[in-house]
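Reader: I would like to go through this model feature by feature. Please give the general idea each time, then the case at hand.

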Amino acid sequence: SDSDVHYPYKCLQWIEQYELTKNDLLASNALWSESKQRLIFPVYDGEGNLIAWQGRWFGEGNDVKWYGKGSLKDTFNILGRSSDTLVLTEDIISALKVGKFVHAMPLYGSHISYDRWRRLLAIIGKCKVLIWLDKDKQSEAVKFARQGRALGFDVRTIITELDPKKVSMFDIKNILINSS
């Protein structure tokens, strides 16, 4: 109930390390909760109903850094620029960055179930999908790519030393161009 778009300096400073801005937060409908000390990324269904959210904690002490409510791993939070390519990332920040160039969707983890693949096919149809998970999830990305291809998607993986959110915008653009 206390959520708004008055992001504190510490929140804006944190997001800037990923080459993102207050405008990116606003475009993603991110909210700040003063009482919870969380930057909240809401997920809405097709009718605009809140179905889940994930929040990044900025408070003092030891609390869970990322906390989610709702069934995030069943959501289809497709962000970014309209394109014939969809990039699947582990987290919302990576999806926001990659979404500057193509459609991107956070998995809110590193797993995509066969059922989620099937539902994604029903939502967007067959398209080019790039799976860009963190380097330590390389073998899982290859496995998930096989599942997507079995359903008719043109799926490839992107493997980089850095997590997508830590890759520069310049390098993201080049990686996406070279993945075509």
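Reader: In which sense do strand S3 (residues 38–44) and S4 pair, and over how many bridges?

Author: First, the ground rules. This is a predicted model, in which local features need pLDDT of at least 70 and side-chain atom pairs count only at pLDDT 80 or more, while totals for chains, interfaces and linings use all residues. Residues are numbered from 1 along each chain as its sequence is written, and side-chain values use heavy atoms, with hydrogens and water left out. Helices (H or I, at least four residues) and strands (E, at least two) are DSSP runs, numbered from the N terminus. Two strands pair if DSSP finds at least two bridges between them. Here, S3 and S4 pair in the antiparallel sense, over seven bridges. Phe41 stands opposite Gln54 in S4.

Reader: What is the strand order of the antiparallel open sheet, and which strands are at its edges?

Author: The order is S1-S2-S3-S4-S5, five strands in an open sheet. Strand S1 (3–4) and strand S5 (66–70) are the edge strands, each pairing on one side only.

Reader: Which strands form the open sheet with mixed pairing?

Author: Five strands do, in the order S6-S8-S7-S9-S10. Strand S6 (79–80) and strand S10 (154–157) are at the edges with a single partner strand each, so one side of each has no neighbour in the sheet. Within this sheet, S7 (residues 85–89) and S9 (residues 128–132) pair in the parallel sense over five bridges. Leu88 stands opposite Ile131 in S9.

Reader: Across which strands does helix H5 lie, and at what angle to S10?

Author: For angles, axes are lines fitted to C-alpha atoms, for helices over the stretch in contact, and values run from 0 to 180 degrees between N-to-C directions. Helix H5 (residues 138–150) lies across S9 and S10, and runs at about 175 degrees to S10.

Reader: Is Ser179 buried or exposed?

Author: Buried means under 20% relative accessible area, exposed over 50%, and partly exposed in between (1.4 Å probe, protein chains only). Ser179 has a relative accessible area of 15%, so it is buried. Ser179 is found in the segment after helix H6 (169–178). Contact means heavy atoms within 4.5 Å. Leaving aside neighbours within four places in sequence, Ser179 is in contact with Lys128, Leu130, Arg156 and Ile158.

Reader: What does Met169 touch, not counting residues up to four places away in sequence?

Author: Met169, found in helix H6, touches Tyr18, Glu19, Leu20, Lys97, Lys100 and Phe101 on that count. Met169 is buried, because its relative accessibility is 13%. The C-alpha atoms of Met169 and Leu20 are separated by 9.6 Å, with the two residues 149 apart along the chain.

Reader: How much space lies in the largest pocket?

Author: Rolling a probe the size of a water molecule over the atoms shows where empty space is left. On a 1 Å grid over the protein atoms alone, a pocket is an open set of points with protein on both sides within 12 Å along at least five of seven lines, and lining residues have an atom within 4 Å of a point. Grid points are joined across faces, edges and corners, and a volume is the space filled by probe spheres set on the points. The largest pocket holds about 250 Å³. Of its 14 lining residues, Lys65, Trp66, Asp91, Ile93 and Lys165 are the closest to its centre. Strand S4 (50–57) and helix H3 (92–98) each supply at least two residues of that lining.

How values were computed
On a 1 Å grid over the protein atoms alone, a cavity is a set of points where a 1.4 Å probe fits but cannot get out, and a pocket is an open set with protein on both sides within 12 Å along at least five of seven lines; lining residues have an atom within 4 Å of a point.
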